[in-house]
Amino acid sequence: MANKDFLLHFQEFDEDDDDGLRTSKGATRVTIDDTAEPQKQHKPAGPVEEDEESYRNDDKTELLSGEKKGAPFWTLDYYQALFNVDTYQVKSRIVGSMVPWPGKNFVHLYIRSNPDLYGPFWICATLVFAIAISGNISTFLKSQGEPNYKYMPEFRKVTMAATAIYSYAWLVPLALWGVLTWRQSKVVSMVSYTFLEIVCVYGYSLFIYIPAVVLWIIPYEVLRWCSILVALCLSGSVLVLTFWPAIRSDRPRIVMAVLLAVVGLHVLLAVGCKMYFFSDAANAVHLVPENIIKATPTIRTN
Amino acid sequence: MAEVDEPGKPLFAGLSDVSISEDIPVEGDISVPVGSQNVDDVFSTLDEPVKDTILRDLRAVGKKFIHVMYPKQSSALLRDWDLWGPLLLCVTLALMLQGGSADSKEDGGPQFAEVFVIIWFGSVIITLNSKLLGGTISFFQSLCVLGYCILPLTVAMVVCRLVLLGFTGTISFIIRLIVVTASFSWSVFASTAFLADSQPANRKALVVYPIFLFYFVIGWMVLTFSPSQ
């Protein structure tokens, strides 16, 4: 009897809990069902068990269908939402960033509220190394005939290129997003972009510079300027077409200023890279070792 | 309380209807370990001579080197990961990339720290990338594979240095180009053989491309090494 008493108390405690959970069940319950319920959990059948399971499923579906961000920002899962792209999606986004189609918006057509950070990050990384390597090759080819030329893999340039490109890819979208949000508060427009979507557009628009940079190895100035022009036209027009709907309903002066800034910064990046990495200024570097070579004999005789 | 007060109804009446289809056997083994000697002592390595410890680790590293040179679908590299091999390869490569073209301090070849940072930082970024894309491989397993697959490029570095001792000019450049290209493709092939299975099928190219870029950059550093005269 003592055993049963103990078990009874345990069952009652359980029953009270169940009462709290499922208020839809009537208070009048056959004792057998309640006492047998925890034992029945081992058996699949039973209406009580199913109801509890469906209750659990409702919970799960509510969590899943709701917002994506449930994870805190220091876990990997939070950022996994930003890498939710497949290979064909990345390919189509890259193609879309190079082909300006009037009337079709890059963001609406390709990104569709699934901005990813994979494209911007790896396109910038590829561009950094492409610039550094092509610059290296072009200076090597340019000074082939010089007797005092000492080939040097210029590693500092990788760091400079990385700083320039990554700051362009992140700071300019930040500034643009700030401007758009500020104007949004004054003039309501139909289209508004999130910060990540703007980063996405800028990142993918840099893709066209990769083949252009590889073409810069060929040491013909005309070819270099032509390739810059073509690349600028294509990606610049994609950028303008993307941001035109967001700003079109504003005052004309603001519209002109923003669009000019977008295109202007794009041009500045391209021309700046060409000037720094690929021009005659790089030749000045080779004269320095020449001077040192000439200087050392004098030091030794002293 | 209701159950206690009901006289006629037997308690747990429903239980008699509950029948478990199979008998749950209850059996087991209870053994009390005698003294301090238990099963773990087989793996305890505190009492063995240092030579045994070092040799065991070296043998594990060596076995993984062989797995890299002949990459087939084996999980040995993934299961027992260690970072000794990558460290050894990274230090060797960085040391061999020294002593080059240092007429002027700046704009020379990569410094030791630069090579180190590129290899380790690059591996971490690629691992993070593959995990973010939904890969099922663990962080250190991926670092281990990426580090071990630098082995072909280290071998290429040794060959390049020997070639630079023997030949000069265009011939040496062509030989070095061929060697570095071959070893770079070997590295990419070996690492994708180990890593590609842990990725979802529609994102394989997205994961392989950064690995390609990583070994390309290291191959570029190996190829453009020019010794000081």
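This is a predicted model: local features need pLDDT of at least 70, side-chain atom pairs count only at pLDDT 80 or more; totals for chains, interfaces and linings use all residues.

1. Cys124(A) is in no disulfide, and the cysteine sulfur nearest to it, that of Cys200(A), is 11 Å away. Because a disulfide requires two cysteine sulfur atoms within 2.5 Å, that distance rules the pair out. Cys124(A) is buried, at a relative accessible area of 1%. In chain B, Cys160(B) is likewise in no disulfide; its nearest cysteine sulfur belongs to Cys90(B) and is 18 Å away. Cys160(B) is buried too, with a relative accessible area of 2%.

2. Salt bridges between chains. How many salt bridges are there over all chains? The count comes to six. One of them joins the side chains of Asp86(A) and Arg203(B), with N to O at 3.0 Å. This pair crosses between chains. Asp86(A) sits in the loop between helix 4 (76-80) and helix 5 (87-98) of chain A, while Arg203(B) sits in the loop between helix 9 (169-195) and helix 10 (204-223) of chain B. Are the two partners buried or exposed? Both Asp86(A) and Arg203(B) are buried.

3. Salt bridges within chain A. Glu221(A) and Lys274(A) meet through their side chains in a salt bridge of 3.3 Å, N to O. The pair links distant parts of the chain, with the partners 53 residues apart: Glu221(A) belongs to helix 11 (residues 221-247) and Lys274(A) to helix 12 (residues 252-278) of chain A. Their surroundings can be stated separately. Glu221(A) is partly exposed, with a relative accessible area of 39%, whereas Lys274(A) is buried at 2%. Arg224(A) also takes part, in a network of salt bridges that links it with Glu221(A) and Lys274(A).

4. A salt bridge within chain B. Arg56(B) and Glu48(B) form a salt bridge in which the closest N and O atoms are 3.1 Å apart. Arg56(B) is partly exposed, with a relative accessible area of 37%. Glu48(B) is also partly exposed, at 22%; it counts as such because the cut-off for buried is under 20%.

5. An unreviewed UniProt entry lists residues 121-141, 161-182, 194-216, 222-247 and 254-277 of chain A as "transmembrane region". How does the model treat these spans? Residues 222-247 of chain A are 100% helix and 0% strand, with the end C-alpha atoms 36 Å apart. Residues 254-277 of chain A are also 100% helix and 0% strand, and their end C-alpha atoms lie 34 Å apart.

6. For chain B, UniProt (unreviewed entry) gives "transmembrane region" at residues 81-100, 112-133, 145-167, 173-195 and 207-226. Over residues 112-133 of chain B the model has 95% helix and 0% strand, and the end C-alpha atoms are 32 Å apart. Residues 145-167 of chain B are 87% helix and 0% strand, with end C-alpha atoms 34 Å apart.

7. Chain B overall. Chain B holds ten helices and zero strands. Of its 229 residues, 40% count as buried. Among contacts in chain B between residues at least 6 apart in sequence, 76% join residues at least 24 apart. The accessible surface of chain B is about 13,200 Å², and carbon and sulfur atoms account for 67% of that surface.

8. A nonpolar surface patch. Which residues form a nonpolar patch on the surface? They are Phe73(A), Trp74(A), Tyr78(A) and Tyr79(A), which together have about 490 Å² of accessible area. Trp74(A) lies in the loop between helix 3 (47-65) and helix 4 of chain A. Trp74(A) is exposed, with a relative accessible area of 66%.

Note on methods. Residues are numbered from 1 along each chain as its sequence is written. Chains are lettered from A and ligands numbered from 1 in the order in which they are written. Side-chain values use heavy atoms; hydrogens and water are left out. A salt bridge is a side-chain nitrogen of Lys or Arg within 4 Å of a carboxyl oxygen of Asp or Glu. Helices (H or I, at least four residues) and strands (E, at least two) are DSSP runs, numbered from the N terminus. Buried means under 20% relative accessible area, exposed over 50%, partly exposed in between (1.4 Å probe, protein chains only). UniProt positions are given in the numbering used here, feature names are shortened, and annotations may be inferred rather than shown by experiment. Contact means heavy atoms within 4.5 Å. Accessible areas come from the Shrake-Rupley method with a 1.4 Å probe; for residues, only the protein chains shown count as cover. Patches are made of residues with over 30% relative accessible area and no salt bridge: like charges are joined within 9 Å, nonpolar side chains (Val, Leu, Ile, Met, Phe, Trp, Tyr) within 5 Å.
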